[in-house]
Amino acid sequence: MKALNDEAAVKRTNGDASEKKAPNHEFGIELLRTMIRIRVLEEGIEKNFLAGEIPGFAHLSVGQEAVAAGVCSQLRTDDYIASTHRGHGHTLAKGAKMRSMMAELYGRATGLCHGKGGSMHIADFSVGMLGANGVVAGGFGLVTGAALSAVQRKTDQVAVAFFGDGATNRGPFHENLNLSAVWNLPAIFVLENNNLASTTSSSETIKIADLAIRASSYGMPAEIVDGFDAFAVAAALESAVKRARSGGGPTFVECKTFRHGGHFIGDPELYRTKEEVESFMKAHDPIVRMQATLGEKLTKERFEQLWQAARDEFAEAVEFARSSAPSAPEEAFFGTYVGDRDAGNPVHEFETRERDALLPFAPKVGLGSQGAVH
Ligand SMILES: Cc1ncc(C[n+]2csc(CCOP(=O)(O)OP(=O)(O)O)c2C)c(N)n1
């Protein structure tokens, strides 16, 4: 095995995407479209959640949209991502349908996980979205496994883990970065550094400001980018994806970003002031940033069309969710596996007779595990 070398250094692009190539305005509009769709989706989720229509918990990523949009713009549908508890943007940007997402959040049978996952455990394997996760740092193992499987199947797929600064203090972060580097896997680790873990500032729990430095310990190159600049995020990912697909191994990308809303919907946010939040957001909104970068290339009409199309899409998605049937109690026994491989019993899905026997114990409402872990 090759030891740590010069390659394992932290690169700082500080949002200067032009360092790599001049921004293409049509691509910028595509990034903007994704960011606006995420913004409209999440603001709508907040409204309907507060109206009591959505069960469980929901965590929003308003302010962080440039990361989801920039990263996913560089991925193919058959590439993998694993998300966090703050995963609506990642899921939408990876290609999930907004209406299937909303149905999932509403606990409906037509949802992506038949209403059993909700906001925090939503997944869509058809677009390579391996799951949001109620367990902080829960996505790392999925990504290492998916990247290993791509190598074993001899495909050129890549796998991306999204995670927050808080997750970098957990064991799975270190174990999976190490293993991915040692095995030279096509994995990409995307940190959304919003400087907060729930209510705690990372300055109280971490002694370093640039968490990308941690990648050096595992012999992995890292890049720090301005996470409000979707072009910069896309440029960093373009390099990381190229490296991963060509057998060059994993990369760490730290995106400096900001969470506009509370940790979860309903968070009283006693740890920061409203003024602080608003003034920061005013200066760093990724949508405003892209609008400014595009300048005259983006007409007022086109900008308004993007918002209107997103609002229409959201309205249709809510209508679909509201009019879908709730997930049935017996749904709890589908997609569940039993058996013991070591004892020679194949792992298999519950058979109908087993489900029938368990039916009396089914939960009274079909909301699955929503809100079980927060
Ligand atoms: C293993 C585990 N520990 C604690 C929690 C409670 N919890 C939920 S989110 C969160 C903060 C995570 O912070 P970070 O990783 O920075 O992500 P962010 O919320 O900033 O997106 C914590 C501690 C959890 N869900 N799982």
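**Strands, helices and loops**

Modeller: Keeping in mind that this is a predicted model, we can begin with Ala-159, whose bridge partner in S4 is Ala-187.

Colleague: Which strands do those bridges join, and in which sense do they pair?

Modeller: They join strand S3 (residues 159-164) and strand S4 (residues 187-193), which pair in the parallel sense over six bridges. As a general point, strands of a sheet pair through backbone hydrogen bonds, either parallel or antiparallel.

Colleague: And what is the order of the strands in the sheet?

Modeller: The sheet is open and has six strands in the order S1-S7-S8-S4-S3-S2, with parallel pairing. Its edge strands, strand S1 (10-12) and strand S2 (80-82), each pair on one side only. On average, neighbouring strands of this sheet are turned by 20° against each other, if direction is ignored.

Colleague: Which strands does helix H5 lie across?

Modeller: Helix H5, residues 139-152, lies across S2, S3 and S4, and runs at about 170° to S3.

Colleague: Switching to H8, how does the span between its ends agree with its number of residues?

Modeller: Helix H8 (residues 230-245) has 16 residues, and at 1.5 Å a residue these should span 22 Å; the end C-alpha atoms are 22 Å apart, so the two values agree.

Colleague: What do the buried residues of H8 pack against?

Modeller: The buried residues of H8 include Phe-231, Leu-237 and Val-241. Their packing partners are helix H1 (25-50), helix H2 (65-72), S4, strand S7 (222-226), strand S8 (251-256) and helix H10 (286-294). Just after H8 comes Gly-247, with a positive phi of about 85°.

Colleague: Which residue other than glycine has a positive phi near 75°?

Modeller: That is Ala-137, and its place is in the loop between helix H4 (98-105) and H5. For comparison, most residues other than glycine have a negative phi. Lys-154 also has a positive phi, of about 55°, although it is not a glycine, and its place is in the loop between H5 and S3.

Colleague: Are Ala-137 and Lys-154 buried or exposed?

Modeller: Ala-137 counts as buried because it has 22 C-beta neighbours inside 10 Å, whereas Lys-154 is exposed, with 6 other C-beta atoms within 10 Å.

Colleague: Last topic: how many residues surround the ligand?

Modeller: There are 16 residues around the ligand, and the closest are Val-136, Gly-164, Gly-166, Ala-167 and Ala-197. The shell divides into six nonpolar, eight polar and two charged residues.

Note on methods
Residues numbered from 1 in each chain as written. Predicted model: local features only at pLDDT ≥ 70, side-chain atom pairs only at ≥ 80, totals over all residues. Near = placed C-beta within 6 Å. Nonpolar A, V, L, I, M, F, W, Y, C, P; charged D, E, K, R; others polar. Pairing = 2+ DSSP bridges. Helix = DSSP H or I, 4+ residues; strand = E, 2+ residues; numbered from the N terminus. Axes fitted to C-alpha atoms, helices over the stretch in contact; angles between N-to-C directions. Contact = placed C-beta atoms within 7 Å. Expected span 1.5 Å × (residues − 1). Buried ≥ 20, exposed ≤ 12 C-beta atoms within 10 Å, placed from the backbone.
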